[in-house]
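Here is a short report on one protein chain. Look at the fold first, then read on.

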Amino acid sequence: MDRELLRQLIHASGIFILILGLFLKTEVLILLCVIMVVFMEIVFVVDKYINVPLISTILSICKRSEDERGFLYFFLGIIATLLIFSFNISIAYAAILMLLIGDSASTLVGKKYGKHKLPLKKFKSVEGTLAFFVVGLLCTIIFLPPQIAVIGALAGALTEAYSPIDDNIPIPIVSAFVITVAMCLL
């Protein structure tokens, strides 16, 4: 569990992106995310051939497999959300915060306390999905009205639980889309 805890703390540390967003234009924030993707891809390749102090240690602890590209999907999800939903930055930030914090909570709670498997998903638990929903709600309520926050958190939790692809891309995009629709309808 210690390895997964470190991995999820690194995942949640992406909050620095939202903090930078308080001071930078969205376009600059997107550019920084693109630079991070390129930088991390270079580090990932170099690490296969050269032991880079500290970075190689962190990568060896955090990688689930040798060919894992979770960081790529993580940043692609953030970049796409910022691009698509830049018309309402509160929606984009709420959805990204769910990815950063809700997804980590889901993984940690699901691995430690997950006893009840979700229908059709033997590797996901009800407990992990509920953790995502609660934490996602707490994250989104900062940016959105309560009824919209509930809808957004539910969309995020269900996306995390049932996404057929790496959830780092669809969590913020689907959540932001559902939030946008809910805001138009309510």
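Contact means heavy atoms within 4.5 Å. Leaving aside neighbours within four places in sequence, L100 is in contact with H11, A12, G14, I15, L18, F74 and I78.

This is a predicted model, where local features need pLDDT of at least 70, side-chain atom pairs count only at pLDDT 80 or more, and totals for chains, interfaces and linings use all residues. Residues are numbered from 1 along each chain as its sequence is written, and side-chain values use heavy atoms, with hydrogens and water left out.

**Overall fold**

The protein chain has 9 helices and 2 strands. Helices (H or I, at least four residues) and strands (E, at least two) are DSSP runs, numbered from the N terminus. Along the sequence the pattern reads α-α-α-α-α-α-β-β-α-α-α. The radius of gyration, taken over C-alpha atoms, is 16 Å. The globule rule (2.2 Å times the number of residues to the power 0.38) also gives 16 Å for 186 residues, so the chain is as compact as a globular protein of that length.

**The core**

Buried means under 20% relative accessible area, exposed means over 50%, and partly exposed lies in between (1.4 Å probe, protein chains only). Buried residues make up 46% of the 186 residues. A nonpolar core is a set of buried Ala, Val, Leu, Ile, Met, Phe, Trp, Tyr and Cys residues joined through side-chain atoms within 4.5 Å. The largest one has 32 residues, and I78, L82 and L100 touch the most other members. Several helices each supply at least two residues, among them α2 (15–21), α3 (26–49) and α5 (70–84). The helix α6 gives the most, with 10 residues.

**Helix α7**

Helix α7 has 15 residues. From first C-alpha to last, α7 reaches 21 Å, close to the 21 Å expected at 1.5 Å a residue. That expected span is 1.5 Å times one less than the number of residues. The buried residues of α7 include F132 and C139. They pack against α6, β1 (117–118), β2 (121–125), α8 and α9.

**Cysteines and a loop residue**

How many disulfides are there? A disulfide is a pair of cysteine sulfur atoms within 2.5 Å, and the count comes to 0. For C139, the nearest cysteine sulfur is that of C33, 17 Å away.

Residue L24 sits in the loop between α2 and α3.

| Residue | Relative accessible area | Class |
|---|---|---|
| C139 | 7% | buried |
| L24 | 31% | partly exposed |
| C184 | 67% | exposed |
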